[in-house]
Amino acid sequence: MTLNTKDTGFLRQSFALADEAKQQGIHPFAAILVDDKDNVIMSQVNGYLPDFDMTGHAERKLMTRASKAHRPDFLAKCTMYVSAEPCAMCAGAAYWAGLGRVVYGLSEARLKEITGNHPENPTLDLPCRAVFESGQRKVEVIGPCLEDEAAALQEGVW
């Protein structure tokens, strides 16, 4: 499947949110949740700081909030737009919440090249598709998309 104009716009919104986080000294990752009527219903930046929460990834935090607010049948019609590919933990959270679709920018493989073995982000290079394919229901995945733009968000951080 290819990226359409609507997807491009929402993905770039996640990039802008990640950039805002970066300007505040937060790891430059962000996710937005969009319903089937193209309404942004939630957004989230990385939550590593201030408590050094290694599980505070934007996607995991967003999916926790979403699963508390909405049932899986609603989330199955939603798309999460993410500045970087969901790691295995975040893909698992999206799967368990019932999310139907993910569109991401930077791949985990390329993120690993950028971050190396940084202690604040020891990237787990496992494609989210592999996690979703291990499940019992389909989660559509589109990405990497606009990867050079997404990679630029990481410059000077690691």
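The model is predicted, so local features need pLDDT of at least 70 and side-chain atom pairs count only at pLDDT 80 or more, while totals for chains, interfaces and linings use all residues. Residues are numbered from 1 along each chain as its sequence is written, and side-chain values use heavy atoms, with hydrogens and water left out.

**Overall fold**

The chain holds seven helices and five strands, where helices (H or I, at least four residues) and strands (E, at least two) are DSSP runs numbered from the N terminus. Read from the N terminus, the order of these elements is α-β-β-α-α-β-α-β-α-α-β-α. The radius of gyration, taken over C-alpha atoms, is compared with a globule rule of 2.2 Å times the number of residues to the power 0.38; for 158 residues a compact globule would have a value near 15 Å, and the 14 Å of the chain agrees with this. Along the principal axes, the C-alpha atoms fill a box of roughly 40 × 30 × 25 Å. With contact meaning heavy atoms within 4.5 Å, 64% of the contacts between residues at least 6 apart in sequence join residues at least 24 apart.

**Surface and charge**

Of the 158 residues, 49% are buried, a term that means under 20% relative accessible area (1.4 Å probe, protein chains only). The accessible surface, from the Shrake-Rupley method with a 1.4 Å probe, comes to about 7700 Å², and 51% of that belongs to carbon and sulfur atoms. There are 16 positive and 21 negative side chains, and the centres of the two sets lie 7 Å apart; Lys and Arg count as positive, Asp and Glu as negative, and His and the chain ends are not counted.

**Helix α4 and the cysteines**

Helix α4 (residues 88-97) is mostly covered, with eight of its ten residues buried, among them C90 and Y95. These buried residues pack against α2 (58-69), α3 (72-75), β3 (79-84) and α6 (128-133), and just after α4, G98 takes a positive phi of about 105°.

A disulfide is a pair of cysteine sulfur atoms within 2.5 Å, and by this rule the count is zero.

| Cysteine | Nearest cysteine sulfur | Distance | Relative accessibility |
|---|---|---|---|
| C90 | C87 | 3.7 Å | 0% |
| C128 | C87 | 9.8 Å | 0% |

C90 is therefore counted as buried at 0% relative accessibility, and the sulfur of C128 is too far from that of C87 for a bond.

Methods:
Buried means under 20% relative accessible area, exposed over 50%, partly exposed in between (1.4 Å probe, protein chains only). The place of a charge is taken as NZ of Lys, CZ of Arg, CG of Asp or CD of Glu.
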